[in-house]
Amino acid sequence: MLSEAGLERLWREIYDLTGEITPLHSDCGELCDSICCQDWEEGVGIYLYPGEEILLSGESWLRRTWHDTRNYTFPTAWDRGAWFVTCDARCPREMRPFGCRTFPLTADMSEDGSWRLILDPNGLPICPLIKTDARFQLRASFRNTMKIAWRKLLTVEAIRNDVLASSRRRRMRYPQEY
Ligand code: SF4
Ligand code: SF4
């Protein structure tokens, strides 16, 4: 299990690795008026991954709410809860959360622990890249960078457990995608 200092080092490495990369050569926000950075539905936001909050504790553009496991369902590895964040649509790009960086891709894990990157069907209501199954239009450098980042993140047990639990939920919700 990684110490807090180890987790912080890992997240700094991940943020450095993924800071500049974008899904397309052009700005994909032009396809959708950057809908994923807007309040497209009441209460939308994302969860930070375990340890990611260490890097984002002083960011005033980010609103953080602690979701306790007594009130929300989480993977068992998240033993106390998780930070749910929303933003004011004006993040400093180098500090955007990992969930924003990897979208529209996400890691999907099978029961045997093998994993792959997929277009996240949870983004179907908003993202034209997901709606049109544009995986082969994504830059190879984006796919490769995210693969490296996820491979490093999946060495953390809490993140691995979260990805497995999210993958199970996704398979139930979108069986046609599998
Ligand atoms: S919703 Fe999809 S296409 Fe639009 S900005 Fe986000 S990732 Fe790009
Ligand atoms: S944190 Fe940045 S990238 Fe993420 S939704 Fe907000 S404005 Fe968009």
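A: A residue is buried when its relative accessible area is under 20%, exposed when it is over 50%, and partly exposed in between (1.4 Å probe, protein chains only). With a relative accessibility of 16%, Ala-158 is therefore buried. The model is predicted, so local features need pLDDT of at least 70 and side-chain atom pairs count only at pLDDT 80 or more, while totals for chains, interfaces and linings use all residues. Residues are numbered from 1 along each chain as its sequence is written, chains are lettered from A and ligands numbered from 1 in the order in which they are written, and side-chain values use heavy atoms, with hydrogens and water left out.

Ala-158 belongs to helix α5, residues 157-173. Helices (H or I, at least four residues) and strands (E, at least two) are DSSP runs numbered from the N terminus. Along the chain, Ala-158 and Met-1 are 157 residues apart, yet their C-alpha atoms are separated by 9.1 Å.

Two other helices pack on one another. The axes of α1 (residues 4-18) and α4 (residues 140-153) are 10 Å apart, at an angle of about 175°. This makes α1 roughly antiparallel to α4. Axes are lines fitted to C-alpha atoms, for helices over the stretch in contact, and angles between N-to-C directions run from 0 to 180 degrees; under 35 degrees is roughly parallel, over 145 roughly antiparallel, 65 to 115 roughly perpendicular and the rest oblique. Contact means heavy atoms within 4.5 Å. From α1, the residues in contact include Leu-10, Trp-11 and Ile-14, and α4 contributes Met-146, Ile-148 and Ala-149 among them. The contact of α1 with α4 comprises eight nonpolar, two polar and two charged residues. In this scheme Ala, Val, Leu, Ile, Met, Phe, Trp, Tyr, Cys and Pro are nonpolar, Asp, Glu, Lys and Arg are charged, and the others, Gly among them, are polar.

In the loop between α1 and β1 lies Ser-34. Ser-34 has a positive phi, near 50°, and is partly exposed at 29%. Asp-133 sits in the loop between α3 (128-131) and α4; its phi is also positive and near 50°, and at 42% Asp-133 is partly exposed. Most residues other than glycine have a negative phi, and most peptide bonds are trans. The bond from Phe-103 to Pro-104, however, is cis, with omega near 15°.

Pro-104 is in the loop between α2 (98-102) and β4. Strand β4 (residues 105-109) pairs with β5 (residues 115-119) in the antiparallel sense over five bridges; strands pair if DSSP finds at least two bridges between them. Thr-106 has Ile-118 as its bridge partner in β5. The two strands form a hairpin with five residues between them, and Gly-113 in the turn has a positive phi of about 90°.

A separate set of three strands forms an open antiparallel sheet in the order β1-β3-β2. Because β1 (46-47) and β2 (62-68) stand at the edges with a single partner each, one side of each is left without a neighbour in the sheet. Seven bridges join β2 to β3 (residues 81-87), and Thr-65 stands opposite Phe-84 in β3.

Phe-103 is also one of the residues around ligand 1, along with others including Cys-28, Cys-32 and Cys-127. A residue is near a molecule if one of its heavy atoms lies within 4 Å of it. The shell around ligand 1 has eight nonpolar, one polar and no charged residues. Around ligand 2 are residues including Cys-36, Cys-37, Trp-61, Cys-87 and Arg-96; that shell has eight nonpolar, no polar and one charged residues.
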